[in-house]
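These notes are meant to be read slowly, with the sequence and the structure open side by side.

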Amino acid sequence: MTSKPVKILYFAWVREKTGKAEEVVDLPAGVKTVADLVDWLKGRGPEYAEAFARAQVIRAAIDQRHVPPQTSLAGVREIAFFPPVTGG
Amino acid sequence: MSVRVQREDFDVGAEVKALTGGRTDIGAVVTFTGVVRSANEGKPLEAMTLEHYPSMTESELARVEAEAAGRWPLQASLIVHRVGRLVPGDNIVLVVTASAHRQAAFDAAAFLMDYLKTRAPFWKKEIGSDGAEHWVDARDSDETAAERWKDGT
């Protein structure tokens, strides 16, 4: 199976810490879930390690819907990472 | 049923009129307006900026609204949420619910606010009067407020 490029978006302080609003990455074969992706991103550099240091507070959305960390990445086109929302 | 995200201010009276004008099946209209305070947790506030996830925001608000419509007999509802830079006294969010009777309108408005606070992808950054910027932390009390709807209405 060939890996498909996935668009990753970052918002609020996750965006500020990674230093980018979005990027496109090819997922390595072992990255199967949202939690796997967070672990993999943490290893990509100090800015990612810092952004995802408190992984338990980071929220994720796949294709514009909230998802829990154990969600599979199969067929994903867009995934977003952000802090708990504070609108209203 | 409709949702809007916009930078511009809104006029509560005009929004209610547009939503309910010409209808005679509505017996109760509830509006909630969220406004920027001049101080948060004791610290004076110069301004705040509201960031959002554009492609997700309106669809998530629409899901929250559809959930309210499934729980209460609503004739109409509206959510307007502002983004961008806001200063104390500015409107942030408007929720309008209309029903035949008041209880459904009151309850649905409270539900919409509780749910959008924990689900709609907005993030507030506050700029203090000393120029210091910080992202607002989510409150446990907002999670608790949303949780109370899980045991039915």
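1. Helices and strands are here DSSP runs, a helix being at least four residues and a strand at least two, and they are numbered from the N terminus. Please keep in mind throughout that this is a predicted model.

2. As for surroundings, a residue is buried if 20 or more other C-beta atoms lie within 10 Å of its own, exposed if 12 or fewer, and partly exposed in between. A:D63 has 14 such atoms within 10 Å and is therefore partly exposed, while A:Q64, with 18 other C-beta atoms within 10 Å, is likewise partly exposed.

3. Next comes the contact of the chains, to which chain A gives 15 residues and chain B gives 21 residues. On the side of chain A that touches chain B, the elements giving two or more residues are α1 (12–18) and β5 (78–82) of chain A. What is the make-up of that side of chain A, in nonpolar, polar and charged residues? The residues there divide into 10 nonpolar and 5 polar, with no charged ones.

4. The largest nonpolar core has 51 residues, and those touching the most other members are A:F11, A:V14, A:A80, B:I79, B:A108 and B:L112. Helix α3 (residues 102–119) of chain B supplies the largest share of this core, namely 8 residues.

5. B:L112, another of the core residues that touch the most other members, lies in helix α3 of chain B. Is B:L112 buried or exposed? There are 28 C-beta neighbours inside 10 Å, so B:L112 counts as buried. Once its neighbours within four places in sequence are set aside, B:L112 is in contact with B:V64, B:E65, B:A68, B:I79, B:V95 and B:T97. For a sense of distance, B:P73 is 39 residues from B:L112 in sequence, and their C-alpha atoms are 14 Å apart in space.

6. The axes of helix α2 (residues 54–71) of chain B and α3(B) come within 10 Å and cross at roughly 150 degrees, in a right-handed crossing. From α2(B), the residues B:E60, B:L61, B:V64, B:E65, B:E67 and B:A68 meet B:A108, B:F111, B:L112, B:Y115, B:L116 and B:R119 in α3(B). By type, the residues of this contact are 8 nonpolar and 4 charged, with no polar ones.

7. The axes of α3(B) and helix α4 (residues 140–147) of chain B come within 8 Å and cross at roughly 130 degrees, which means that α3(B) is oblique to α4(B). This crossing of α3(B) and α4(B) is left-handed. The contact is made by B:D114, B:Y115, B:K117 and B:T118 of α3(B) together with B:D142, B:E143, B:A145 and B:A146 of α4(B), and these residues divide into 3 nonpolar, 1 polar and 4 charged.

8. Two loop residues of chain B complete the reading. B:V83 is placed in the loop between β5 (74–82) and β6 (84–86) of chain B, and counts as partly exposed because it has 18 C-beta neighbours inside 10 Å. Apart from neighbours within four places in sequence, B:V83 is in contact with B:V5, B:R7, B:L50 and B:H52. B:D137, in the loop between β9 (133–135) and α4 of chain B, has 12 C-beta neighbours inside 10 Å and therefore counts as exposed. B:D137 and B:K124 are 13 residues apart in sequence, with 8.6 Å between their C-alpha atoms.

Note on methods:
Residues are numbered from 1 along each chain as its sequence is written. Chains are lettered from A and ligands numbered from 1 in the order in which they are written. This is a predicted model: local features need pLDDT of at least 70, side-chain atom pairs count only at pLDDT 80 or more; totals for chains, interfaces and linings use all residues. Two residues are in contact if their C-beta atoms, placed from the backbone, lie within 7 Å. Ala, Val, Leu, Ile, Met, Phe, Trp, Tyr, Cys and Pro count as nonpolar, Asp, Glu, Lys and Arg as charged, and the others, Gly among them, as polar. A nonpolar core is a set of buried Ala, Val, Leu, Ile, Met, Phe, Trp, Tyr and Cys residues joined through C-beta atoms within 7 Å. Axes are lines fitted to C-alpha atoms, for helices over the stretch in contact, and angles run from 0 to 180 degrees between N-to-C directions. Angles under 35 degrees count as roughly parallel, over 145 as roughly antiparallel, 65 to 115 as roughly perpendicular and the rest as oblique. A crossing is left-handed if the near helix is turned anticlockwise from the far one by less than a right angle, and right-handed if clockwise.
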